[in-house]
Amino acid sequence: MNNGRSFKAQKVIDRMGQKLTRQMVGSLTACVHCGMCTDSCHYVLANPGDPTYAPAYKADKIRKLFKHHYDWTGKVFPKWVKAGSVYTDEELEELKDTVFGKCTNCRRCTVNCPMGVDLATFNRMARGLLCHVGIMPEGVEYVAKEQWEIGNQMGVLKEDYIETIEWQEEELQEEMGDPDAKIPIDKKDAHIVYSINPREVKHDPRSILDAAKIFYAAKEDYTMPSEGWDMTNFGLFNGDDDLGGAVASRVYDKVDELNGKKLVISECGHGYRSTRCEGPNWGKRDIAFEAESSVITMLRYIKEGKIKVDKSKNPGAYTFHDSCNNARSCGLTEEPRELLSLVVEEFREMYPNRAENFCCTGGGGAMSMSEYKPERLKSAKIKADQLTATGTHTVVTSCHNCVDGLNDLIGHYKIDMEVTQLVHLVANALVM
Amino acid sequence: MATLDFEGTSYEVDEDGYLIDWQQWNEGLAGAMAKEDGLELGEAHWEVIKFLRDYFEKYQIAPMIKILTKELKKKYGKEKGNTKYLYELYPAGPAKQACRYAGLPKPTGCV
């Protein structure tokens, strides 16, 4: 016990000192409590009477610790700057319910903050502090463990992965009527190394087959790696930079080993952000190859005439949902729209959109936290209204997690809409 | 913890509706869960549920879709041993929907 503080509480305080970056300190000191963030958060909009959802309120839970322990203002006039500490494990559990259960780290408040306060960045840091002392939702803990120990977030063994790819190769040969059609594994010097989300292997390989069809049609020189193929990263969700760096490095190392020219990341928002944008920082390394989203790859194939598509094969009106990680954190907003317009009969915009779009409400690892599901679905009302207003039959998104988040709320609010990804629409529109 | 009431018994389920104790499962419960989703379980649905139960009893883990399709193909032929067929039967996906009806735990990770 330190100053009457529990072992874990003291650890959290100590660790905070090691984790504060200049950007975080800037964010923790810049808030002027103007309230712009309040109007931008889907949790607040769906729970107007509950101040505990307000981004500034959530931020204060973390800010008070910073002020008390690491900022001179908290030492000189602690009451004025609302400095405070944590003492018990129960308080840490409460903090867990805020940083995991009341924020999806979607960064909509961030892009709307006139002071540039990046709540999601220090909310993620707070998650990391709690994980450091073993306090996190059970689902997040389980998945992070699988990613540490087995090398992918769903514990898929190497032989099962390879057998699944071989099975999809057989399907490709059958559908293309070409016994020589291949999904190469561990091919050296390939132009593209294609990385995926484990759910594609474990639960729904249709996206692997559709991507293979597109690569086949484009006569691409590509390969899938036998290891380091999981481009998802729970380090982004649990705030553990070490996990983030280890997972991203596995992917990078394999591309290096195969001497691949380019790493292509299948449609996954957090995977794209982690592998393309954050991974080198977490892993404290550089990467010598280009990394791109498969959305950009597919668009290039059409523009360069490598594949031909017929948009009448996808009839009716489709709308597009921007994944938070893709749009707000990586600026991937125009390419998916351009691609979608090329492969469907009618593309109808959803409002607000791009960096202002609302989260699917399952972001930040929320789909792995069953304990917060009722609150999550209640807050999804905002997204449900946004979807319904488009009057389309299908919502398209470039993120596996958004697919599940959207499907969940569509079921809950009984909306007559389907969810799909660009890879399926492009494959379906292919003219061979 | 949430509960699911069926024929006078209260079953513990997680917030996603998955049974906490897979051994409490019975066929009526699967039917009740499906009914809530507006789905009537037919012979074809039961083939999948029964396989999932048997597999889980043996290995204490839900099968990958590769294994599920392979085994269904062996038992019931090619037209039933493929991904498309499984998604037609269970639109929310065999992992999320069929596993829940079969009393298996919620799949982990980004699903």
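Among the elements that cover the buried residues of helix α15 of chain A are α13 (235-238), α14 (241-258), β3 (262-265), β4 (290-293), α17 (324-330) and α21 (400-412) of chain A; a residue is called buried if 20 or more other C-beta atoms lie within 10 Å of its own, exposed if 12 or fewer, and partly exposed in between, with C-beta atoms placed from the backbone. Helices (H or I, at least four residues) and strands (E, at least two) are DSSP runs, numbered from the N terminus. The model is a predicted one, in which local features need pLDDT of at least 70 and side-chain atom pairs count only at pLDDT 80 or more, while totals for chains, interfaces and linings use all residues. Residues are numbered from 1 along each chain as its sequence is written, and chains are lettered from A and ligands numbered from 1 in the order in which they are written.

Helix α15(A) spans residues 269-282 and bends by about 45° at A:Thr275, the bend being the angle between axes fitted to the seven residues ending there and the seven starting there. Of the 14 residues in α15(A), 11 are buried, including A:Tyr272, A:Arg273, A:Thr275 and A:Trp282. Just after this helix, A:Lys284 takes a positive phi of about 50°.

Two of the covering elements, β3 and β4 of chain A, also belong to an open sheet of 4 strands, ordered β2-β1-β3-β4 in chain A and paired in parallel. Because β2 (222-223) and β4 of chain A stand at the edges with a single partner strand each, one side of each is left without a neighbour in the sheet. Strands count as paired if DSSP finds at least two bridges between them, and 4 bridges join β1(A), residues 192-195, to β3(A) in a parallel arrangement. Within this pair, A:Tyr194 has A:Val264 of β3(A) as its bridge partner. Helix α14(A) packs on the sheet, where it touches β1, β2 and β3 of chain A and makes about 150° with the direction of β1(A); axes here are lines fitted to C-alpha atoms, for helices over the stretch in contact, and angles run from 0 to 180 degrees between N-to-C directions. Helix α16(A), residues 294-303, lies across β3 and β4 of chain A and runs at about 80° to β4(A).

In the loop between α16 and β5 (308-309) of chain A is A:Ile307, which counts as buried because it has 24 C-beta neighbours inside 10 Å. Leaving aside residues up to four places away in sequence, A:Ile307 touches A:Ile214, A:Ala217, A:Ala218, A:Tyr301, A:Ile302 and A:Leu430, where contact requires C-beta atoms, placed from the backbone, within 7 Å.

An automatic or database assignment gives the domain bounds, and chain A is divided into domain 1 (7-136), domain 2 (147-302) and domain 3 (309-431). Between domains 2 and 3 of chain A, 25 residues of domain 2 are in contact with 27 residues of domain 3. On the domain 2 side, the elements that give two or more residues are α12 (206-217), α15 and α16 of chain A.

Chain B has its own strand pair, with 5 bridges joining β1(B), residues 2-6, to β2(B), residues 9-13, in an antiparallel arrangement. In this pair B:Thr3 stands opposite B:Glu12, and the two strands form a hairpin with 2 residues between them, B:Glu7 in the turn having a positive phi of about 45°. The contact between the chains takes 16 residues from chain B and 28 residues from chain A.
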